[in-house]
Amino acid sequence: MDRPLRIAVIGAGPAGIYAADHLIKAAETATVDIFDRLPTPYGLIRYGVAPDHPRIKEIINALHRVLDHPRIRFIGNVDYGVDVKQEELSRFYDATVVATGADKDRVLDIPGVDLPGSYGAADFASWYNGHPDVPREWPLTATTIAVLGAGNVAVDVARILAKTADELLVTEIPDNVYQELAKSPATDVHVFSRRGPAQVKFTPQELRELDVSPNVEVIVHPEGIEFDEGSLATMRATRHVKMCVDILQNWAVRDPRDRPRRLHLHFLQAPVSIAGDGKVESLRTETQELTGDGSVRGTGEFTDWDVQAVYRAIGYLSRPLADLPFDTTTGTIPHAAGRVLDLDGEHIPGMYVTGWIKRGPVGLIGHTKGDANETVTSLIADADTLPVAPQRDPEAVITYLEERLVRFTTWAGWQQLDVHEVSLGEPHSRKRVKVVPRDEMIDICNRIAS
Ligand code: NAP
């Protein structure tokens, strides 16, 4: 390959940034523009990872080094499909890598799910992380709350709901989030797993973190602590599952602690319906039994729980993108080794995909490196046959956006906002305080970058 490739990456989360990193390393003359519909880079690390997880947020330092590379540009506040379409991108770039991730909530189809007081965990995580596109207010009026699901997102949501606002004040949470959390009257948060302790999707470290707050007593209800052959096999084969089970069993038998808020973990309870007169007043679950291989079936025994809010943390979902195929069953873009396939199973020339929208919303941040590696390997193998973009001057796309009055942000602009947020935190000994309104973010980026 001897032509200098021009590549667009859609999505500036870890998946897109890892892909850009692989690209510039694999092709010495390639240049990469990373677009994001948000004015800021880092995707779910900035807007999904819980604020009391500063260790995970530090992955941003490594991603910053990638975005600082002279052959990579960040172009924020550009909505693919609205501000720029695939047809236009193909004028400016030889190939496009889609890395838009998954930021919606998977649908839970049970009666009452749309009642006020029933929330998606992804929406709630966006709110407490100061996402510009969700309302500033969040009605935290429930004393007793249900969280559905047994993954790390359920753990995050339950922990944020159970902790006191002051415990979170050391983090980067925006002021409006602190103010709302401080008013929360929550005393009991109930997490419901539809399967047993050996089928949880939590990771041990995240599970242990539930128990460190001096204000929260974690209570494991022993009724659902059951194991079948499948459970025992999983525990033998998978170390982190065994570790989670050990932690849960220890918690199930320990003496009660006197703490003002309680976080309950229930197993073998599947959500059946949500009820209430104009708002959530109760959740009905059906007790499950293990069938032998780690699956469950209903027993016909139901329990009604008095709760005033239900948070659904049953997995994320990707959004379809304009002009691209999308498998609504898996919530992914069909592909072969990262090459996007059309409805006939043929590779759409110049189109590639990586990250959660390629493989589904599972796995930790580091796993997207493997995706990026596979996708970039395919792209580089195809390099000689890629369509040649006619307007390859890097300024051409900038002119295009300016002509359409798109208020895009740049890497220099984001760095200015970064400095500004850090300075907001300094007087309060906090690492940063986030700016939330989109216009304010863009103003700060563009004021300095220009
Ligand atoms: P997840 O790990 O796939 O967990 C989803 C949970 O929802 C599972 O327990 C699943 O149970 C349950 N569920 C699915 N459908 C359900 C239904 N209809 N009724 C009741 N329960 C249902 O998804 P996630 O928690 O959204 O996490 C996504 C990814 O992000 C994971 O890889 C996670 O590790 C990662 N993440 C990591 C961190 C961290 O490292 N700190 C934080 C957040 C997220 P079944 O198993 O029975 O299907």
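The legends below describe close-up views of a predicted model.

Residues are numbered from 1 along each chain as its sequence is written, and side-chain values rest on heavy atoms, with hydrogens and water left out. Because the model is predicted, local features need pLDDT of at least 70 and side-chain atom pairs count only at pLDDT 80 or more, whereas totals for chains, interfaces and linings use all residues.

**View 1**
The ligand is surrounded by 23 residues, and the closest are Ala150, Asn152, Arg194, Arg195 and Gly363. A residue belongs here if one of its heavy atoms lies within 4 Å of the molecule. By residue class, the shell holds 11 nonpolar, 6 polar and 6 charged members. In this division Ala, Val, Leu, Ile, Met, Phe, Trp, Tyr, Cys and Pro count as nonpolar, Asp, Glu, Lys and Arg as charged, and the others, Gly among them, as polar. Helix α7 contributes the most to the shell, with 3 residues.

**View 1**
On the nitrogen side, a polar side-chain atom of Glu206 is 3.1 Å from a nitrogen atom of the ligand. The ligand on its own has 920 Å² of accessible area, and the protein covers 86% of it. Accessible areas come from the Shrake-Rupley method with a 1.4 Å probe; for residues, only the protein chains shown count as cover.

Helix α7 spans residues 152-162, and because 10 of its 11 residues are buried, the helix is largely enclosed by the rest of the structure. Helices (H or I, at least four residues) and strands (E, at least two) are DSSP runs, numbered from the N terminus. Buried means under 20% relative accessible area, exposed over 50%, and partly exposed in between (1.4 Å probe, protein chains only). Among the buried residues of α7 are Asn152, Asp156 and Arg159. Arg159 has a relative accessible area of 3%. Apart from neighbours within four places in sequence, Arg159 is in contact with Ala50, Asp52, His53, Glu209, Leu210 and Leu263. Contact means heavy atoms within 4.5 Å.

Leu268 sits in the loop between β10 (261-266) and β11. Leu268 is not a glycine, yet has a positive phi of about 60°. Most residues other than glycine have a negative phi. Leu268 is buried, at 2% relative accessibility. Gln269 lies in β11 (residues 269-275) and is buried too, with a relative accessible area of 10%. The side chain of Gln269 makes polar contacts with the side chains of Thr285 (2.7 Å) and Thr287 (3.2 Å). A polar contact is a pair of N or O atoms within 3.5 Å; within protein, one must be able to donate a hydrogen and the other to accept it, and residues adjacent in sequence count only if both atoms are side-chain atoms. Beyond neighbours within four places in sequence, the contacts of Gln269 include Phe192, Ser193, Arg194 and Thr303.

**View 2. A positive phi at Asp323.**
Asp323 lies in the loop between β15 (316-317) and β16 (335-336). Asp323 is not a glycine, and its phi is positive, about 65°. At 58% relative accessibility, Asp323 is exposed.

**View 3. Aromatic pairs.**
Searching the whole structure gives 13 aromatic pairs. The ring centres of Phe92 and Tyr93 are 6.5 Å apart and their planes stand at 80°, so this pair is edge-to-face. Rings of Phe, Tyr and Trp (its six-membered ring) pair if their centres lie within 6.5 Å; planes under 30 degrees apart count as stacked, over 60 as edge-to-face and the rest as tilted. Phe92 is buried at 1% relative accessible area, and Tyr93 is buried at 2%. A cluster linked by ring pairs contains Tyr119, Phe124, Trp127, Tyr128, Trp138 and Tyr311.

**View 4. Tyr400 in helix α15.**
Tyr400 lies in α15 (residues 394-403) and is buried, at 7% relative accessibility. Setting aside neighbours within four places in sequence, Tyr400 is in contact with Asp83, Val84, Glu88, Arg91 and Phe92. From Tyr400 to Glu426 the separation is 26 residues in sequence and 39 Å in space, C-alpha to C-alpha.
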